[in-house]
Amino acid sequence: MHPTDFTLRGALDALNEGIISSVELTQAHLDAIGKLNPRLNAYITVTGEQALAQAKASDNRRADGGAGPLEGVPLAIKDLFCTAGTRTTAGSKILGNFVPPYESTVSGNLLRDGAVFLGKANLDEFAMGSSNGTSAFGPVENPWSRRNDPDTRLVPGGSSGGSAAAVAARLALGATATDTGGSIRQPAAFCGIAGIKPTYGRCSRFGVVAFASSLDQAGPVARTVEDCAILLKSMSGFDPKDSTSADVPVPDFAAACARGVKGLRIGIPKEYRLDGMPAEIGALWQQGMDWLRAQGAELVDISLPHTKHALPTYYVVAPAEASSNLARYDGVRYGLRQTAADSDLRDLYERTRAAGFGDEVKRRIMIGTYVLSAGYYDAYYLKAQKVRALIRRDFDEAWQKCDAILTPATPSAAFGMDEKQDDPVAMYLNDVFTVTANLAGLPGLAVPAGLSAEGLPLGLQVLGRAFDEETVFAVGTALEHAANFTALPGLRASA
Amino acid sequence: MSYTLEGSTGTWEIVVGLEVHAQVTSQSKLFSGAATAFGAEPNSQVSFVDAGFPGMLPVINRECVAQAVRTGLGLNAQVNLWSRFDRKNYFYADLPQGYQISQFAHPIIGTGEIEVTLGDGTTKTIGITRLHLEQDAGKSLHDQHATKSYIDLNRSGVALMEIVSEPDMRSPEEAGAYLTKLRQIVQYLGTCDGNMDEGSMRADVNVSVRKAGEGFRTRCEVKNVNSIRFVMQAVEAEAKRQIEVWEAGDEVRQETRLFDTARGITRSMRSKEDAHDYRYFPDPDLPPLVIEQAWVDELRAALPELPDARRGRYTALGLTPYDAHVLTLEKETAAYFEVVAKGRDAKLAANWVTGDLFAAINATKTSIAEPPVPAEHLGQLLDLLADKTLSGTLAKAVFAAMIETGKAPGMIVEERGMRQVTDTGAIDAVVAEVLGRNADKVAQYKGGAEKLFGFFVGQVMKAMQGKGNPALVNDAVKKALG
């Protein structure tokens, strides 16, 4: 077995049993990155030397009997997490060669638990995108391809496209990702892996480059639900440096995976049955219901009546917050600075931001500025906040009837790198099933569940109550077992 | 007596409201752990949060909230248990985040009122509209280099209280009295040092004018006035300007103006049309600020004595209302007075502090914070007066020596032998000597020239180098002259 084919759980077992060292495991992944990253572009920065040094230190700790929960496991870190001493780009030109002197809490937690960082994963610029096509460091390619059309290069989804592609192609055992409207779950589904956006407040946002503060949440992507559970346990926890971080205990998520679904009530929201949704998405959803019922769950029809307003609400709230969050990139203190001989301050701003931000980021800054402007605030931002409250209430009422909710993860399989790029609204529709969880602050897990007619992975999504990731993991594991998803992408280290 | 200005079309009343920015006294900034000391090396008190680095998040400083609550209580204002921080968005080089975190829609302190004392002894109540917490920006220095601007972020993120008054003031004097009182209250509370020279307190002055019986006319805001005197001058200058505009048949346009202290006039800074659209919205990095009534009660119970209460206490001690007012104006003066008066005659202590000490401060160009004579020493001097070691005249001389040498009065008395002579035998001897030397004048006195009595006393005191106890000398002369 190729060392990159281990699951994260399997790698931890192999490390514990002395079957492999962290240095060997890390080197195998670095070799795989060397081989495949030039094509996939999943990593913006590879920190090979540092990774091997970390692996060596990890092997020493293990030998000394001081192994942490993630001891020696090589991971990819989405390049939105600040890493002390390692360039952090957010997929943007505007950060220039910014090297943070501080570590994000989440990546720091992983290091604390013994993880090895292979490098910084590519992403849509400032996490704004659903295809990884907006990265200033070039697009990421999905390691999967269509059965009858192998030459068309596909997107890995976004914004955590680099993280998902790296994990799917065996360039990491797992990766950190972030999800503002679906940025963990959609790429996980497109790449045939699992990914969870936990409850808002579960993971600290300290040191994560902000997109939309009230929606952003870090989470893991990995090749199994249990691997996600293991990673999430390390990533989570109250952080006094983030005022929105929740001071709640972190349960043993991995233990919850095996709980089973017997007696659980699974809500099926009728509003997620979209007009024009591909038949195979509907069929997969039905399959998921059947799997859960077969394992003892009870299916309940529920209604989330404000679902249709979720996407427009999201595209008011997220850009509004982004327009303010991204104001700090002004060329004054760090990152890119563009001036002309006679530049005044305003000219410095204009040149720097014109050169530093890509089109999608500029589009969202303009939308956000517009919806917050005097005379428009009430009609857009305030209205969106009201609708957001209604969407939350929809879920509160649903939880009276069910313990988890099952939906498709995405309205389609991965699309071609040349498709949808000129149509922002079509691109935004990728998030139609995922944004509600961000607006309501709820946990959402994407699980690979089957293949499309073209042989591309399709995912199902499990939503849960706030801070009840355990039930979400139990349902996700039940789906995973039933689906027995063994298909492999064409581009992978061991191929 | 109400204040009005005469124009060519009649009598005008002026309407003034103040927005005062007061820097919160605290060890660290409103949303970061960085220090707040004034005068530190540029950019030496800056955290990554204050500099707006990627991924940095604000965390509220509990002490700053406590200071705002204390101030609210001192202003007799409503404390809002639920308040919220908003972002005020604008670009400037010394605003690292691209927004200021402020409490726009839901301030922590609501309406209140304070009573101010005017020059004629009357009082007036001024309404407080609100007090909210916000971050300060950094400082842009445009005069350090021919083509570059320098940015100092030491102030970036420092907590400010913006205290907004109702438009209740009707004269420059009232505006001055309000600001004086506000400054006095925050100094007593220890919530702001009130130091206007260092920018710890600055005022935006809203001025309009109207004819008697009218509603409010358009107002102008004079920004960033940094002394009480300038506030009073700015009110008058701006009111006169507006009267001229109205009387010329024009309209006063709402705008922001600056006070030119050198020329004593206000100048236009920007009109309403150029005003920023700040795009306020709730800061998603900060949950609403929720505080408990029990905590507010705790803070209230621990409040220090406020100026009004202290003034009342002083008049009860027998001080004149004027002395009580003067002594409580500055917290340091009151603290000085308390030390001097402790266990002593309060009225005498007040006389010395407001008389000799204030004169000495003026003469030596010092301040009550760094007084020419420590309060303990002045207290000891009063003790020497009380136990008759010193006469009033001698005490003045010792006080002068205290200023000069910094030594305690007891030591000066010892070193210079300035002790008052109360030995009646010694006094009688000098009296006899003086009368003997002036036999002719004694004869005149006995012949009815009674005013010579003072001459004999003076001669005795002179012979005793001023150290004779005046009462005893008086008695001895009287006795000797029979």
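Okay, let's start with chain B, which has 15 helices and 16 strands. Helices here are DSSP runs of H or I with at least four residues, strands are runs of E with at least two, and both are numbered from the N terminus. Before I go on, a word on the source: this is a predicted model, where local features need pLDDT of at least 70, side-chain atom pairs count only at pLDDT 80 or more, and totals for chains, interfaces and linings use all residues. Residues are numbered from 1 along each chain as its sequence is written, with chains lettered from A and ligands numbered from 1 in the order in which they are written.

So, the overall form of chain B. Its C-alpha trace spans about 95 × 55 × 55 Å along the principal axes. The radius of gyration of chain B is 30 Å, but a compact globule of 482 residues would have one near 23 Å. That radius is taken over C-alpha atoms, and the globule rule is 2.2 Å times the number of residues to the power 0.38.

Chain B is divided into domain 1 (5-297), domain 2 (305-416) and domain 3 (424-481); the bounds come from an automatic or database domain assignment. The C-alpha centres of domain 1 and domain 2 of chain B lie 36 Å apart. Where those two touch, 7 residues come from domain 1 of chain B and 6 residues from domain 2 of chain B. By contact I mean that the C-beta atoms of two residues, placed from the backbone, lie within 7 Å. On the domain 1 side, α2(B) gives the most, with 4 residues. That side divides into 2 nonpolar, 4 polar and 1 charged. For the classes, Ala, Val, Leu, Ile, Met, Phe, Trp, Tyr, Cys and Pro count as nonpolar, Asp, Glu, Lys and Arg as charged, and the others, Gly among them, as polar.

Now two helix pairs in chain B. How do α7 (331-341) and α8 (346-364) of chain B pack? At an angle of about 135°, with their axes 9 Å apart. The axes are lines fitted to C-alpha atoms, for helices over the stretch in contact, and angles run from 0 to 180 degrees between N-to-C directions. So α7(B) and α8(B) are oblique to each other. Under 35 degrees counts as roughly parallel, over 145 as roughly antiparallel, 65 to 115 as roughly perpendicular, and the rest as oblique. Tyr336(B), Phe337(B), Val340(B) and Ala341(B) in α7(B) meet a set in α8(B) that includes Trp352(B) and Val353(B).

Among the residues in contact are Leu381(B) from α9(B) and Phe399(B) from α10(B). The classes here are 7 nonpolar, 1 polar and no charged.

Over to chain A, with 16 helices and 11 strands. Its C-alpha trace spans about 65 × 55 × 50 Å. With 495 residues, a compact globule would have a radius of gyration near 23 Å, and chain A agrees, at 21 Å.

A couple of backbone details there. The peptide bond from Gly158(A) to Ser159(A) is cis, with omega near 10°, and Ser159(A) is in the loop between β3 and α5 of chain A. Asn484(A), found after α16 of chain A, has a positive phi, near 45°, and is not a glycine.

Last, how many residues does each chain give to the contact between them? Chain B gives 24 and chain A gives 32. The chain B side has 15 nonpolar, 5 polar and 4 charged residues.
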